[in-house]
Amino acid sequence: MITSKRLAAGVCALLAALTAGIAFPVAALAGEPTGGATPQVDLVLDVSGSMRTRDIDGGTRMAAAKQAFNEVLDATPEDVDLGIRTLGANYPGDDQKTGCKDTAQLYPVGPLDRTEAKTAVATLAPTGWTPIGPALLKAAGDFDGDGSKRIVLISDGEDTCAPLDPCEVAREIAAKGIGLTIDTLGLVPNAKMRQQLSCIAEATGGTYTSIEHTDQLTDRVNQLVDRAADPVVTPVAVSGAAACAQAPTVKSGLYTDREEFGQQRWYRVDVEPGQELRASVSVGADRAVNPSYGVLMRAVTVHGREIVRGEAAGDGRTDVVSTGLRYPKAESDDDNAAAASQTVCLQVTNSFSVASGVKTTPGLPLELTVDVVDGPSPASDVASFGLGRGWWLLGALVLTGFLAGLVWGWVSRWRVAVWRTN
């Protein structure tokens, strides 16, 4: 009896081991973003007169900002270049033209000297106007190099330098394709300020956060600085054409572009025999748009014949619409592979529209992903009885079950024989 239980346990263990070994193969390592250039962050602080207001944890907004900055400077990772820019810190007068030029680089973007940066922050006192638009334009020029770029704007009021709309400024910065993200933080915000700061962030793919306590400000700025150190894939700026014949040729990668309302953008991709083209596109509504819109992506030949298409629609509840397509090119028997290669034209069209009074320039932000990979192998990837690669697992389980049945049958017969003998 003991022997039979041991045999049964061994069979079950064998079955479990075989099943686990097949069901949970070693996962392939996914590609990782390449490192290299140092990430950069520019903290843009509002030092206008309203920062004297005492409504954050019993102290002034300026005191809360200084405390948060000191803690952030202590926690900034060594591999992040950090700078500080001010707005409204130097001109105390009433001339708007002069006040709207009041933005300065307090500490240049670069390797951080914590003592020097803290000393510079300690000298700040609430002074003047709130030139958010001009400050963002200047801040966009504070960066140097190819690393990720992030502006963290901290303000307690809306811009006072109309007609330069900071939301339009953010769209123009995004349209340059330099991979710059703007995150905004509103200190004790009102509805108008919240709307403006949200618009600035959305235009560049950033975030907006309302702040009412000092620890909230510290935690959020720390999160954004840490996020800048994360590996990222920076999109490459590309300018699509109005027709396939003039379109730029793109390879595998991530690209960014701008597309006017109702406009067509064309790109060209070379696909070799045995390769598969995988492409996707996302078009974002970075301003108020009418409901019911869509995005169409088509792959066509250079002669205009459609190969495949992908399309998606929205109804106003989301500000990004994405679609994609796949096109596998069959292997060629021609020895001259170059002669058998094919140029595929990718067309991106949108049906966004805006109400009167909403600016249509610059165009909507467009992000294009192109991936040209080796096509599926007929021998290994073709489905077998509708199971694909799962038939290996099924076959192993069947074989294991058959062997286990033979062993269990032999054990059972042996037990019966022993019982009859006794």
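Buried, in what follows, means under 20% relative accessible area, exposed means over 50%, and partly exposed is in between, with a 1.4 Å probe and protein chains only. By that rule Pro134 is buried, because its relative accessible area is 14%.

Before going on, the ground rules. This is a predicted model, where local features need pLDDT of at least 70, side-chain atom pairs count only at pLDDT 80 or more, and totals for chains, interfaces and linings use all residues. Residues are numbered from 1 along each chain as its sequence is written, and side-chain values use heavy atoms, with hydrogens and water left out.

Back to Pro134. This proline is in helix α5, residues 132-139; helices (H or I, at least four residues) and strands (E, at least two) are DSSP runs, numbered from the N terminus. Contact means heavy atoms within 4.5 Å. Leaving aside neighbours within four places in sequence, Pro134 has contacts with Cys100, Thr103, Asp159 and Leu164. Its C-alpha atom is separated by 8.3 Å from that of Val169, 35 residues apart along the chain.

Next, confidence. pLDDT is the predictor's confidence in each residue, from 0 to 100. The protein chain averages 83, and 84% of the residues score at least 70. Over residues 1-35 pLDDT stays under 50, and the model has 18 contacts beyond four places in sequence for them. Residues 379-387 also stay under 50, with seven such contacts.

Now the backbone. Which peptide bonds are cis? One is from Ala162 to Pro163, with omega near 15 degrees, and Pro163 sits in the loop between β6 and α6. Another is from Thr361 to Pro362, with omega near -5 degrees; Pro362 is in the loop between β16 and β17.

Positive phi in a residue other than glycine occurs at Asp57, near 55 degrees, in the loop between β2 (54-56) and β3 (59-60). Phi is also positive at Ser292, near 65 degrees, in the loop between β12 and β13. Ser292 counts as exposed because its relative accessibility is 59%.

On to the rings. Rings of Phe, Tyr and Trp (its six-membered ring) pair if their centres lie within 6.5 Å; planes under 30 degrees apart count as stacked, over 60 as edge-to-face and the rest as tilted. The structure holds one aromatic pair. Tyr293 and Phe352 form it, stacked, at 4.4 Å centre to centre and 20 degrees between the planes. The pair links distant parts of the chain, 59 residues apart: Tyr293 is in strand β13 (residues 293-300), and Phe352 is in the loop between β16 (342-350) and β17. Both Tyr293 and Phe352 are buried.

Last, the pocket. On a 1 Å grid over the protein atoms alone, a pocket is an open set of points with protein on both sides within 12 Å along at least five of seven lines, and lining residues have an atom within 4 Å of a point. Grid points are joined across faces, edges and corners, and a volume is the space filled by probe spheres set on the points.

How much space lies in the largest pocket? About 970 Å³. Its lining has 41 residues, of which Thr181, Thr204, Gly205, Pro235 and Glu367 lie nearest the centre. Elements giving two or more residues to that lining include β6 (149-155), α6 (166-175), β7 (180-187) and β10 (253-259). The most comes from β10, with four residues.

Conventions. 1 Å grid on protein atoms, 1.4 Å probe; cavity = no way out; pocket = protein on both sides within 12 Å on 5 of 7 lines; lining within 4 Å.
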